[in-house]
Amino acid sequence: MKKILFASIAALLMFSCNRDDNNTSSTTDSVVGNWKLTTFIILDGKDKKTLYSETNSGCEASNRSEYKKDGTTSFTYYDYSTGTCALKTTKTGTYTYDSTNKKLTTIVDGVSTSSTLYSLSSVEMQVQTGETDYNNDGTQDIKLTIYTKQ
């Protein structure tokens with residue numbers, strides 16, 4: 001059940017907005033590239049230790065997000081609806097990245113949404129996709145979706 005929930009969150013990755021954190025951020029061009037969704041993580045809200053980790057697998061492991069230098073973006077999704085893993089859809093749009101506030105804003109199908117990057121390096125992008133009290137300690141824990149540059 002959690003895998004389905006996280007897969008849904010990942011599919012809507014670029015359609016989430018959360019609080020800002022003081023983690024390392026890179027230059028605007030570092031979001032440029034082809035990104036593969038690799039892992040879902042929940043970090044403890046108190047000490048940032050990993051409470052939950054799941055590697056993206058199966059057909060969803062083929063999903064990609066691409067950000068080009070010209071400010072255009074595309075999201076490619078695969079699923080098993082045909083009985084085999086096959087391309088489901090590709091969505092295109094535009095994006096901007098505010099490295100100061102770590103906000104990645106996309107416009108796809110006329111809908112503008114922002115995501116907070118928890119961290120960004122030349123090989124990995126961690127997107128905060130929400131908060132939940134996963135371990136029931138009274139503190140909101142941090143949900144992250146991890147992308148690896150291809």
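Two strands count as paired if DSSP finds at least two bridges between them. The legends below describe close-up views of a predicted model.

**View 1. Strand β9 pairs with β1 and with β8.**
β1 and β9 run antiparallel and are joined by 8 bridges. Within this pairing, Lys 36 has Thr 148 of β9 as its bridge partner. β8 and β9 also pair in the antiparallel sense, over 8 bridges, and here Gly 130 stands opposite Lys 143 of β9. Strand β9 spans residues 141–149 and is mostly covered, with 7 of its 9 residues buried.

**View 2. Asp 141 is a buried acidic residue in strand β9.**
Asp 141 is found in β9. Asp 141 is buried but has no salt bridge. The nearest side chain of opposite charge belongs to Lys 46, 8.1 Å away. Beyond neighbours within four places in sequence, the residues in contact with Asp 141 include Ile 42, Leu 43, Asp 44 and Gly 45. Leu 51, Gly 130, Glu 131 and Tyr 134 are also among the contacts of Asp 141.

**View 3. The salt bridge of Lys 46 and Asp 137 links two loops.**
The side chains of Lys 46 and Asp 137 meet in a salt bridge, 3.9 Å from N to O. Lys 46 lies in the loop between β1 and β2 and Asp 137 in the loop between β8 and β9, so the pair ties together parts 91 residues apart in sequence. Lys 46 counts as exposed at 57% relative accessibility, whereas Asp 137 counts as partly exposed at 28%.

Asp 79 and Lys 88 form one of them, at 3.9 Å from N to O. Asp 79 counts as buried, with 18% relative accessibility, while Lys 88 counts as exposed, with 57%. Lys 91 and Asp 109 form another, at 2.9 Å from N to O. Because Lys 91 lies in strand β5 and Asp 109 in the loop between β6 and β7, this pair ties together parts 18 residues apart in sequence. Lys 91 counts as partly exposed at 32% relative accessibility, and Asp 109 as exposed at 57%.

**View 4. Cys 59 and Cys 85 form the 1 disulfide that the structure holds**.
The sulfur atoms of Cys 59 and Cys 85 are 2.1 Å apart. The link is right-handed, with 85 degrees about the S-S bond. Cys 59 sits in the loop between β2 (50–55) and β3 (64–67), and Cys 85 in the loop between β4 and β5. The pair thus connects distant parts of the chain, 26 residues apart. Cys 59 is buried, at 1% relative accessible area, whereas Cys 85 is partly exposed, at 34%.

**View 5. The largest nonpolar core has 17 residues**.
Tyr 67, Leu 104, Leu 117, Leu 120 and Met 125 have the most contacts inside this core. At least two core residues come from each of β1 (33–43), β4 (72–79), β5 (86–98), β6 (103–108), β7 (111–120) and β8 (124–132). β1 gives the largest share, 3 residues. Another core, of 6 residues, lies apart from it; Leu 43, Tyr 118, Ile 142 and Ile 146 are among its members.

**View 6. The chain as context for the close-ups.**
The chain has 1 helix and 9 strands, in the order α-β-β-β-β-β-β-β-β-β along the sequence. Of its 150 residues, 43% are buried. Among contacts between residues at least 6 apart in sequence, 52% join residues at least 24 apart.

How values were computed
Residues are numbered from 1 along each chain as its sequence is written. This is a predicted model: local features need pLDDT of at least 70, side-chain atom pairs count only at pLDDT 80 or more; totals for chains, interfaces and linings use all residues. Side-chain values use heavy atoms; hydrogens and water are left out. A nonpolar core is a set of buried Ala, Val, Leu, Ile, Met, Phe, Trp, Tyr and Cys residues joined through side-chain atoms within 4.5 Å. Buried means under 20% relative accessible area, exposed over 50%, partly exposed in between (1.4 Å probe, protein chains only). Helices (H or I, at least four residues) and strands (E, at least two) are DSSP runs, numbered from the N terminus. A disulfide is a pair of cysteine sulfur atoms within 2.5 Å. Lys and Arg count as positive and Asp and Glu as negative; His and the chain ends are not counted. A salt bridge is a side-chain nitrogen of Lys or Arg within 4 Å of a carboxyl oxygen of Asp or Glu. Contact means heavy atoms within 4.5 Å.
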